Amino acid sequence: MNVSKRMIEYSTQALFMNANSSNVEAIDDKQFHQLGAQLLHSIEVALETADDELDLDLDVERQGGNVINIRFRDKSVIVVNTQPPLHEIWVAAKSGGYHYRWAGTIAQPVWLDTKTGKELLSDLSEFASVQAGQPIKIQLIKN
């Protein structure tokens with residue numbers, strides 16, 4: 001990829017991320033940890049519920065408090081982890097690696113992909129559905 005194309009991509013990302021900034025509530029480290037914990041808990045609950053209802057043979061394992069490994073029947077894996085220094089959530093799936101940045105409010109938590117602008121739980125639902133071979137819906141549990 002040439003330098004000018006890369007610079008255009010970064011400029012586009014910055015414009016996209018800044019376009020929504022008026023609605024974004026800044027969060028501190030403590031809030032990031034709370035929001036990250038709520039997000040990971042929601043993912044675990046949604047996947048365990050889907051596994052029980054659809055007999056997906058999922059193995060959902062928490063590691064070190066901030067990483068979830070999701071193993072599917074076909075041995076594929078999705079990894080979701082928080083990145084506290086960056087205030088980001090990272091996802092690794094068959095389709096690639098994704099970084100999601102805070103773009104919401106405490107009342108309306110939103111994490112958007114830094115490249116595509118797509119929402120984290122929507123993407124994760126799609127990735128899990130593809131890897132499980134059945135529709136899976138992952139939603140945030142409100143505290």
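How many bridges join strand β1 to strand β2, and do the two run parallel or antiparallel? Five bridges join β1 (residues 59-63) to β2 (residues 67-71), and the strands run antiparallel. Two strands count as paired if DSSP finds at least two bridges between them.

This is a predicted model, in which local features need pLDDT of at least 70 and side-chain atom pairs count only at pLDDT 80 or more, while totals for chains, interfaces and linings use all residues. Residues are numbered from 1 along each chain as its sequence is written, and side-chain values use heavy atoms, without hydrogens and water.

Helices (H or I, at least four residues) and strands (E, at least two) are DSSP runs numbered from the N terminus. Three residues lie between the strands, and G64 takes a positive phi near 60 degrees.

Helix α2 covers residues 29-54, and its end C-alpha atoms are 37 Å apart, which agrees with the 38 Å that its 26 residues should span at 1.5 Å a residue. The expected span is 1.5 Å times one less than the number of residues. At the start of α2, a side-chain oxygen of D28 comes within 3.2 Å of the backbone nitrogen of K30. After α2 comes D55, with a positive phi near 50 degrees.

The largest pocket is lined by 13 residues, with P109, V110, E119, L121 and L140 nearest its centre. Helix α2 gives the most to this lining, three residues.

| Class in the lining of the largest pocket | Residues |
|---|---|
| Nonpolar | eight residues |
| Polar | three residues |

A pocket here is an open set of points on a 1 Å grid over the protein atoms alone, where a 1.4 Å probe fits, with protein on both sides within 12 Å along at least five of seven lines; lining residues have an atom within 4 Å of a point. Ala, Val, Leu, Ile, Met, Phe, Trp, Tyr, Cys and Pro count as nonpolar, Asp, Glu, Lys and Arg as charged, and the others, Gly among them, as polar.

Definitions and conventions:
A polar contact is a pair of N or O atoms within 3.5 Å; within protein, one must be able to donate a hydrogen and the other to accept it, and residues adjacent in sequence count only if both atoms are side-chain atoms.
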